[in-house]
Amino acid sequence: MKAQPKASHYVNGRHVEDERGDLLPVIYPATGETIATLHAATDNIIELAIEAARAAQPAWARLKPVERGRILRRAADILRARNDELARLETLDTGKAIQETLVADPASAADALEFFGGAVTAFTGDYVDFGGAFAYTRREPLGVCVGIGAWNYPIQGAGWKSAPALAMGNAMVFKPSENTPLSALALAEIYTEAGLPDGLFNVVQGYGAAGAALASHPVVAKVSLTGSVPTGKKVLALAGSHMKHATMELGGKSPLIVFDDADVENAVGGAMLGNFYSTGQVCSNGTRVFVQDGIYDRFLDSLARRTKAIRIGDPLDPETQMGPLINKAQHDKVNGYVAIGRQEGATLHCGGGIPKLQGFENGFFIEPTIFTGVEDGMRIAREEIFGPVMAVLRFSGEDEVIERANDSEFGLSAGVFTRDLPRAHRVVGELQAGTCWINTYNLAPVEIPFGGAKQSGIGRENSLAALGHYSQLKSVYVETGNVASPY
Ligand code: NAD
């Protein structure tokens with residue numbers, strides 16, 4: 001199986017290679033085979049990309065928003081037309097089941113391009129009347145923006161960052177995760193085909209060093225990172241030392257609270273979605289599942305039955321529901337947490353093993369895993385595992401569960417399952433999280449802001465809020481009478 005792109009990087013509307021860069025092998029996580037070999041960006045490639053973006057941005061910013069938006073909407077149509085081919089590429093890059101990538105990944109990127117291509121036309125400044133004098137505000141682009149992606153949603157991440165940046169009149173240099181470099185290159189080609197002028201969306205590959213070089217480059221006005229909290233702290237410090245704008249979409253250990261009166265099957269479905277989708281590699285996952293006493297046994301019975309029925313295997317088989325983890329390091333890490341959970345005294349209720357799959361013996365597969373009897377202080381209840389490992393915790397009362405749910409350094413997301421809607425709204429009002437779901441989990445449509453509270457991040461992606469984060473306000477005060485000067 002091969003998925004070798006034309007070159008490692010895409011700069012100024014062209015494929016570019018520099019073989020002096022460190023080797024960057026692309027591994028298909030289901031088999032462990034190398035499907036492409038790329039090179040990390042050298043300093044030369046990074047300079048070329050930043051210079052291309054800097055040179056192209058002013059003319060782009062002078063276009064009318066509706067003209068910029070038209071190109072984004074054309075690119076969205078191309079993404080949709082190539083959905084199946086892009087989904088396959090995303091599955092090869094990530095190992096995620098094709099039944100997910102066909103509906104979730106290129107489609108979500110296309111939604112972002114379509115939404116921001118339209119929304120930017122209505123994202124205008126304000127007018128303030130002073131009775132004679134008046135003021136207005138202008139929404140101006142920032143200039144050259146850098147996007148740094150994670151490996152769980154590669155094309156979605158590239159779309160979520162580039163669409164609001166470009167719509168607002170910025171240029172972008174995007175560095176995908178070193179684990180998943182392929183689909184951002186495909187997005188770059190699509191932008192060019194849709195008519196985006198050269199230099200406005202550039203893709204450079206690389207490891208953390210390439211990300212750090214971009215985040216500290218003096219020409220760059222803004223950095224948007226999706227990644228872990230430790231990386232976020234480093235990148236925010238780099239951006240801060242140059243006074244750059246920054247958006248940080250980071251990790252989580254989100255609570256999902258199931259009250260006694262919840263619909264059991266819906267709550268189980270929500271908990272499974274919020275722990276096992278994308279093999280558990282979702283930042284907003286509700287990995288601390290708090291279940292109230294009265295529904296606890298019924299919830300666990302159904303959860304175990306439905307979890308054991310999950311079909312693990314060949315990610316390209318449309319019947320497969322769960323693929324492998326991204327790589328060996330992540331496989332080792334997740335297995336390590338299963339061992340830690342056992343040592344800490346939690347009960348392994350289901351899963352925890354490595355499935356035997358003919359033809360996929362070298363893949364990074366793991367069974368969906370459920371721990372019960374989990375205590376708040378255990379590491380499996382406090383640390384982000386980023387794999388299909390659910391911790392079930394038991395609770396009795398509303399005030400108690402709110403306090404326990406909020407007892408985390410993270411604050412990305414939270415969920416509540418209950419038929420008592422006044423309680424649902426009361427509880428989400430108390431939860432420290434950027435996104436809350438009532439009677440569902442993990443939906444992130446482009447129309448609503450997405451981002452974290454506490455250490456889970458700063459800023460928001462999606463919605464009009466993202467246009468705000470890719471622009472700066474200029475206030476213009478206009479005097480229509482004489483200057484009131486005491487001199
Ligand atoms: P990571 O932090 O290891 O890497 C993220 C990106 O940062 C990669 O492109 C990497 O090359 C780059 N990077 C690493 N060190 C850097 C440095 N010093 N300077 C600049 N760039 C650097 O994260 P990951 O393992 O790719 O992704 C998993 C993490 O991402 C999880 O913690 C997950 O929760 C989080 N995540 C968050 C969201 C969100 O929207 N909040 C979405 C997806 C994933």
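**Reading contacts and strands in a predicted model**

Modeller: Let's start with Ser-471, which has a relative accessible area of 6% and is therefore buried. Bear in mind that this is a predicted model.

Colleague: Why does Ser-471 at 6% count as buried?

Modeller: Buried means under 20% relative accessible area, so 6% for Ser-471 qualifies. As for its place, Ser-471 belongs to strand E22 (residues 471–478).

Colleague: And how far apart are the C-alpha atoms of Ser-471 and His-245?

Modeller: They are 9.5 Å apart, while along the chain the two residues are separated by 226 residues. Now try Leu-300, in helix H10 (residues 296–308).

Colleague: On to rings. How do I read an aromatic pair?

Modeller: A pair of aromatic rings is described by the distance of the centres and the angle of the planes. Searching the whole structure here gives 10 aromatic pairs. Take Trp-160 and Phe-450: the centres are 6.0 Å apart and the planes meet at 65 degrees, so this pair is edge-to-face.

Colleague: Which parts of the chain does the pair of Trp-160 and Phe-450 tie together?

Modeller: Trp-160 is in helix H5 (residues 154–167), and Phe-450 is in the loop between strand E19 (435–438) and strand E20 (453–454), so the pair ties together parts 290 residues apart in sequence. Both Trp-160 and Phe-450 are buried.

Colleague: What are the distance and angle for Phe-259 and Phe-395?

Modeller: Those rings are 5.5 Å centre to centre with 90 degrees between the planes, an edge-to-face pair. Phe-259 sits in the loop between strand E12 (255–258) and helix H9 (264–276), and Phe-395 in strand E16 (residues 389–395), so parts 136 residues apart in sequence are tied together. Phe-259 has a relative accessible area of 0%, so it is buried. Phe-395 is buried as well, at 1% relative accessibility. Elsewhere, ring pairs link Phe-174, Tyr-191 and Phe-201 into a cluster.

Colleague: Which charged residues lie over rings, and at what distance from the ring centre?

Modeller: One is Lys-222, over the face of Tyr-470 at 4.7 Å from the ring centre. Another is Arg-394, whose charged end sits over the ring of Tyr-296, 4.3 Å from its centre.

Colleague: Back to E12, then. Which way do its side chains point?

Modeller: Read the strand residue by residue. Pro-255 and Ile-257 point one way from E12, Leu-256 and Val-258 point the other way, and all of these are buried. For its neighbour, look at strand E13 (residues 288–292): the two strands run parallel and are joined by four bridges. Pro-255, for instance, has Arg-288 in E13 as its bridge partner.

Colleague: In which sense does E15 pair with strand E14, and in which with E16?

Modeller: With strand E14 (residues 347–350), E15 pairs in the antiparallel sense over three bridges; with E16, it pairs in the parallel sense, also over three bridges. On the E16 side, Phe-371 is bridged to Ala-391. As for the side chains of strand E15 (residues 369–372), Thr-369 and Phe-371 point one way, Ile-370 and Thr-372 the other, and all are buried.

Colleague: What about the ligand: how many residues surround it?

Modeller: There are 28 residues around the ligand, and the closest are Gly-149, Glu-178, Thr-231, Leu-250 and Glu-384. A backbone N or O atom of Gly-149 is 2.7 Å from one oxygen atom. Trp-151 brings a polar side-chain atom to 2.8 Å from an oxygen atom of the ligand, and a polar backbone atom of Gly-227 is 3.2 Å from a ligand oxygen atom. The ligand on its own has 860 Å² of accessible area, of which the protein covers 87%.

Notes
Residues are numbered from 1 along each chain as its sequence is written. This is a predicted model: local features need pLDDT of at least 70, side-chain atom pairs count only at pLDDT 80 or more; totals for chains, interfaces and linings use all residues. Side-chain values use heavy atoms; hydrogens and water are left out. Rings of Phe, Tyr and Trp (its six-membered ring) pair if their centres lie within 6.5 Å; planes under 30 degrees apart count as stacked, over 60 as edge-to-face and the rest as tilted. Buried means under 20% relative accessible area, exposed over 50%, partly exposed in between (1.4 Å probe, protein chains only). A charge sits over a ring if NZ of Lys or CZ of Arg is within 6 Å of the ring centre and within 35 degrees of the ring normal. A residue is near a molecule or strand if one of its heavy atoms lies within 4 Å of it. A polar contact is a pair of N or O atoms within 3.5 Å; within protein, one must be able to donate a hydrogen and the other to accept it, and residues adjacent in sequence count only if both atoms are side-chain atoms. Accessible areas come from the Shrake-Rupley method with a 1.4 Å probe; for residues, only the protein chains shown count as cover. Two strands pair if DSSP finds at least two bridges between them.
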